Amino acid sequence: MVWHRVGTVAARAAARSVVRQVRSSSSLVGTVRDYGVRERTGRDLSSALTGWARALHSSKERLQQAAAAAPRSVPLSKLSDNFLDGTSSVYLEELQRAWEQDPKSVDASWDLFFRNFTGQSAMNVGLSGQTIQESMRLLLLVRAYQVNGHMKAKLDPLGLDDKKTPLELDPALYGFNEGDLDREFFLGVWRMSGFLSENRPVQTLRAILSRLEQAYCGTIGYEYMHIPDREKCNWLRDQIETQLPGKYGPSRKAVILDRLMWATDFENFLSQKWTAAKRFGLEGCETLIPGMKELIDRAADQGAENIVIGMPHRGRLNVLANVVRKPLRQIFSEFSGGIKPSEDAGYTGSGDVKYHLGTSYDRPTRNGKRVHLSLVANPSHLEAVDPVVIGKTRAKQYYSNDKDRSKNMAILLHGDGSFSGQGVVYETLHLSDLPNYTVGGTIHIVVNNQVAFTTDPKSSRSSPYCTDVAKALNAPIFHVNGDDVEAVVHCCELAAEWRNKFKADVVVDIVCYRRFGHNEIDEPSFTQPNMYKVIRAHPPALDIYMTRLIEEKHLSQEEVSSLQDNVFRILNEEFNSSKEYVPSTRDWLAAYWQGFKGPEQLSRIRNTGVKPEILKNVGELITTLPDGFTPHKGIQRVYDARKKMIATGEGVDWATAEALAFATLLVEGNHVRLSGQDVERGTFSHRHSVLHDQKTGAKYCPLDHVLMNQEEEMFTVSNSSLSEFGVIGFELGYSMENPNSLVCWEAQFGDFANGAQVIFDQFLSSGESKWLRQAGLVVMLPHGYDGQGPEHSSARLERYLQMSDDYPFAVPEMDPSLRRQIQEVNWQIVNVTTPANYFHVLRRQIHREFRKPLIIMSPKNLLRHKSCVSNLSEFDDVQGHPGFDKQGTRFKRLIKDKNDHAQVEEGIRRLVLCSGKVYYELDEERNRVGASDVAICRLEQLCPVPYDLISRELKRYPNAEITWVQEEPMNMGAYTYIAPRLATALRELGRGTFEDVKYVGRAPAAATATGFGSVHQQEQLELVQKAMQKAPIKFP
């Protein structure tokens, strides 16, 4: 752009000249910079300007230096060096456009400038080139405050920060001196807001500097000039630079005081009653509570009906009590030894510490509205809850048809160390604008203790601020002094308004301190002695605000004392009531979950087959492409083959079975969502759920058209960002909102899921036990040994089995119609070998009265294996078809030998039990060697172990040697989980002990698989041959 070159026409040639001259002497710059440091210690703005003027009078020599530093007029022909970057060149472009349309619309100095620049004859307007350059330099000074004012703001309540005032905020750098303070300047710029608004009146330099200091260098520091959007920056400039005298009147100040009082006295009350208890209190950042409450009030006024909150343990109890309104008596009861469940409460799980628990309540707002608040339970793993909250919020938006994302929103609280240090923060932030993951903006609040446990900021991050990671999203960041409660409230309100208007993320960074250590019994002076000397002498924010209101005569001492007496009266009443408090219902049974059963309640098993006519109808719909659509030739063949499968009812493959499962659930009114890396096509190019027109690039998803006028997101399949932790956390949160949905996450390869290990360990495997929260998330992990090396062979099946909580040394009750075993176990793990069984296990997730996470070891080469197909009759519910047995048409936890064996087969010498695709290789080897005396049974469900079906097969083959066969090394795969449970089944039948369970598979190894193709083939051949050998297999 021409203005990028002409930028120097305006100023920086002159500015650089000033810098060179000023830096070479002890000029005004040093004086002003020194004053800037003193300013942060508390001197007001007027004294700042007075001090600056006094510095100009300090000596004749300094005045001469200042005069020497003043820039001279520079001929246009000499202005050739490039200095304007960022948006400065845009200012000039907009000015030129306005001038070209109407020369009178700009200041006379700009008119002269543009006439000179364009070669037009200049009218004598009585302005010199000096005045033109002053206008440009003043624009640069204003922009410097907008960009760097936060670096001079008084943000640290302890006064320990050692920031230097940026040189760019020194007026002398731009050639201004004392004589300019009372000169009037015009700053108007077309299509700009705030100081640069074209309709602003002429102002003196003194007034401009005063307002800039007030707006950008007070107790709030704004960062927003990194946002490459004029509308957003203009809106923020209006909010920041437009004066709002007396924003909070006496009544609002009283409300803010009351809320701050509750936040402070709640912590004081807990510390008095439970002196040695860990509570991770909010002392040092009590202003968070009035800030959050004002944020919620403002959001509710703007239409928010549901707010989902995620936060760490610090301050959690205070937020639960004073923001979410969890009953105080319940919190006090938990402190006194935990909740005492009633005798009929049933399953209570393992429970969790009180500062990890979540809850949900409806609460009234200050303006009389009601809003539902949900605080999501979380582990100690900081920030792990972030994507869960976002997923839950997105689900609320879907189920409430919240198209503009104004009724449901998310608030995430962070610590300073974790916000900059935990990678899941970045993963979650980068979901914010993805079409199938956005929630229309999240409000982030950082409780910035200025220390992470015992680590100073200089050791915990490389960036100036802990919030710099949010700049990657172009989110505005409001840094605020945590001792100034009104400033905190203002920032929170501004954040709510930003989110409502722009549906984008925003960050409020409350710079505060931690009055005690990491917890109340920790000694912080071991590592931060100087900081804690200051903290011990520093008054609480409540004392500061009460003193201010009394001095300003907004409230009397008697009124303040009355408010405080009322708070302590209620706290004591609730404490007395807590001694008899007993919860009456399980917290998770709410909203969409009403009627679903807990582990102690019996739930009947249902068939999952579908009427043949429905299968045919939906099969036709999902294999038909619209007229005029041009798919890739290869995909056209795939869809032609699928259409033939439906028509003939034979050879149904994996992808078609999955599509049928999704389609039939949609027909039944259930929401279906599948996400993960490359899931639209499928990592192995098998799914092809979203097709691309080869001529126009248009997309078409057959599963979007199963129903007439199908709702847009009823079926959602979405490629995700290249993230595991963030995305699976999102899908978990999504699945927790409504049980009447099938929510699936598929890994690109199964071993990539270990990037999300925290979600599996802390949420999926243990969430119901700790927090009584059920979830039906389906996790698909491609798994199987086919020579792809150590990284893409194993989904680490053993890790999921190790986290299963079923007891290995006793056979549970196995009633065929009321099987409690699967309700009592923490999750289900399957390794399915037929398309029909895959169809049924997906539908089983919905067709039951409870929810459990489902881990599927999904196949790779079985996706196209000639033998891995099913007949359509195995999907239907017609009694008597080949797929119908005594159990009905449903998921088969164990598939018996394919040969039609009698109830007792004494001639079988070996019973091979296996799981997954190795079955097909074993069957092929059995056929090759003619081992008709070997039976092969497939354990499709590994957890919980189907003891009843295993016992049935053990009885069928009374003389058989029992052998477990797997592809994985002995220290991996299912062996260490299955072996003791097989031994239990043998012992129950009097058939043997642990040593009677033989093992065939790879030897123990460090890596999951070999990287050499020839070695893999040899290992695979040896294990299938060993499984069929005539000689007995030695233990193990």
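A polar contact is a pair of N or O atoms within 3.5 Å; within protein, one must be able to donate a hydrogen and the other to accept it, and residues adjacent in sequence count only if both atoms are side-chain atoms. This is a predicted model: local features need pLDDT of at least 70, side-chain atom pairs count only at pLDDT 80 or more, and totals for chains, interfaces and linings use all residues. Residues are numbered from 1 along each chain as its sequence is written, and side-chain values use heavy atoms, leaving out hydrogens and water.

Select D229. It caps the N-terminal end of α10, with a side-chain oxygen 3.0 Å from the backbone nitrogen of E231. Helices (H or I, at least four residues) and strands (E, at least two) are DSSP runs, numbered from the N terminus. Now colour the buried residues of α10, among them W235, L236 and I240. Buried means under 20% relative accessible area (1.4 Å probe, protein chains only).

Next, go to E486 and K253. They form a salt bridge, with the closest N and O atoms 2.7 Å apart. The term means a side-chain nitrogen of Lys or Arg within 4 Å of a carboxyl oxygen of Asp or Glu. E486 sits in helix α19 (residues 485–502) and K253 in helix α11 (residues 250–273), 233 residues apart. Both are buried.

Jump to E731 and R673, another salt bridge (2.8 Å, N to O). E731 is in helix α26 (residues 725–737) and R673 in strand β11 (residues 671–676), so the pair ties together parts 58 residues apart in sequence.

Finish with R252, R259, E294, D297, R298, R366, E493 and E497: salt bridges link them in a network.

How values were computed: Buried means under 20% relative accessible area, exposed over 50%, partly exposed in between (1.4 Å probe, protein chains only).
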